[in-house]
Amino acid sequence: MWRYVYEAVGELKKADQLALFKAMKQDLYPKEENKMEKLLP
């Protein structure tokens with residue numbers, strides 16, 4: 001299954017690959033507040 005995903009992504013232009021990566025990163029790992037900042041006054 002992953003092979004087909006990588007093949008499809010590989011066919012995209014580099015700019016589209018980067019846009020897809022950023023969208024996936026944002027969805028999978030939403031930006032969390034830095035926990036250390038919460039502890040500091």
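Glu-7 counts as partly exposed, at 42% relative accessibility. On this scale, buried means under 20% relative accessible area, exposed means over 50%, and partly exposed lies in between (1.4 Å probe, protein chains only). Keep in mind that this is a predicted model, where local features need pLDDT of at least 70, side-chain atom pairs count only at pLDDT 80 or more, and totals for chains, interfaces and linings use all residues. Residues are numbered from 1 along each chain as its sequence is written, and side-chain values use heavy atoms, with hydrogens and water left out.

So who does Glu-7 pair up with? Its side chain meets that of Arg-3 in a salt bridge, 3.5 Å from N to O. A salt bridge here is a side-chain nitrogen of Lys or Arg within 4 Å of a carboxyl oxygen of Asp or Glu, and the structure holds one. Arg-3 and Glu-7 are four residues apart in helix H1, so about one helical turn separates them. Arg-3 is exposed, with a relative accessible area of 54%.

Now zoom out. The protein has three helices and zero strands, where helices (H or I, at least four residues) and strands (E, at least two) are DSSP runs, numbered from the N terminus. Of the 41 residues, buried ones make up 2%.

Next comes the largest pocket, with a volume of about 200 Å³. A pocket is an open set of points on a 1 Å grid over the protein atoms alone, where a 1.4 Å probe fits, with protein on both sides within 12 Å along at least five of seven lines; lining residues have an atom within 4 Å of a point. The volume is the space filled by probe spheres set on the points, which are joined across faces, edges and corners. Helix H1 (2–10) and helix H2 (14–28) each give two or more residues to this lining. Among the lining residues are Trp-2, Tyr-6, Gln-17 and Phe-21.

Finally, look at the outside. Leu-12, Leu-20, Met-24, Leu-28 and Tyr-29 form a nonpolar surface patch. Such patches take residues with over 30% relative accessible area and no salt bridge, joining nonpolar side chains (Val, Leu, Ile, Met, Phe, Trp, Tyr) within 5 Å and like charges within 9 Å. Leu-28 lies in helix H2 and is exposed, at 56% relative accessible area.

Terms used:
Accessible areas come from the Shrake-Rupley method with a 1.4 Å probe; for residues, only the protein chains shown count as cover.
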